[in-house]
Amino acid sequence: MIGKLISLISKLCMGKNKAIVLCYHSISKMKLDKHLKFIETIFRIETLQNIIEPSIGENRSVQVAFTMDDLYRKSYRAWVEVICKRNVPSTVFIPTWYSLNNDTIWSMKLIRIFDVISMSFIDINKRKINFQNRFKKKEYLDKLIRQFQDSHIQTQELDDICNNLLDYNCVDLMDDQLIVELKELKRDYDRFPLLSIQSHTHRHYKLAFIKREEVEQDVQESLKILNANDLFRDEKRIICYPYGSDRLIGDSYNNVMKYFDAGVVLGKSRLNGSRNYLIPRLGVYESDSILRLWIKIIMFSWKK
Ligand SMILES: [Zn+2]
């Protein structure tokens, strides 16, 4: 009853865009479970494939698709437990290099360092920085991640910098912070027919800062690996651009069109190109309560 009421209010409040793609990165099992239960009561869950190519006929219901990027093992296991085991369709995007090399993306390394250290941090110049309290520490971490992300420093170099920072601060990575291995993905892929595995490129580069040939080489490599491991069903190929922002995507979406049927970004893109290669997604985080998630979905449907 309450579910039906909220569903009706949602429909009335929502803007033009009634197909919403959610994008998760790091998430706990408990939070994901809460989100899923809410979404499945209020909206209709669809595959990303169907949202890209809606079936003929008018569709008045609000559709929501679940996607996850990067696939840090712990969050990915939560995904399998909550989403796949409940037979909910979803799409996950894997950066293949990390999967093959038992490694993780630099931002996860920074998060790990700041989880372990108490109130002092050794920076890249080997200087010791002291924090007055945990809020200041969190503020510093958030700023550092933003700075690294917005900089012209390429992913591979950021990975090296963060490997050094792990060393300087005497911190080890944990297994469940690494990107999930291909054999683990393959096992789940064979078990869950509604799980779609797609490319998050090979090396997770800031695509705007590499040459056209390098972009093509990188995505070709990732597709080759996914194909060789039998991780593609007979379905559309979708690319998830690393970092997902217009600034870091640049015009690379033009260079990948021949390899993919569609592409997804994070947030909404203002780039001028085929809409199927710039599909908007709403970022959802551990800090999102049900109420906040609901408001975010409604706001996103209006956002230009
Ligand atoms: Zn990513």
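## Fold, domains and core of the predicted model

The protein chain in this predicted model has 13 helices and 10 strands. Along the principal axes, the C-alpha atoms fill a box of roughly 60 × 45 × 40 Å. Buried residues account for 37% of the 304 residues. Of the contacts between residues at least 6 apart in sequence, 71% join residues at least 24 apart.

The domain assignment divides the protein chain into domain 1 (2-102 + 176-302) and domain 2 (106-172). Their centres, taken over C-alpha atoms, are separated by 27 Å.

| Domain | Residues in the contact |
|---|---|
| Domain 1 | 8 residues |
| Domain 2 | 7 residues |

On the side of domain 1 that touches domain 2, there are 4 nonpolar, 2 polar and 2 charged residues.

The largest nonpolar core holds 76 residues, and V21, L22 and W79 have the most contacts inside it. Helix α4 (residues 73-84) gives the most to this core, with 7 residues. Because domain 1 (2-102 + 176-302) and domain 2 (106-172) both give residues to the core, it lies between them. In soluble globular proteins, nonpolar side chains tend to be buried together.

Which residues does W79 touch, not counting those up to four places away in sequence? They are L32, M68, C84 and V92.

Methods
Residues numbered from 1 in each chain as written. Predicted model: local features only at pLDDT ≥ 70, side-chain atom pairs only at ≥ 80, totals over all residues. Domains from an automatic or database assignment. Contact = placed C-beta atoms within 7 Å. Nonpolar A, V, L, I, M, F, W, Y, C, P; charged D, E, K, R; others polar. Helix = DSSP H or I, 4+ residues; strand = E, 2+ residues; numbered from the N terminus. Buried ≥ 20, exposed ≤ 12 C-beta atoms within 10 Å, placed from the backbone. Core = buried A, V, L, I, M, F, W, Y, C linked by C-beta atoms within 7 Å.
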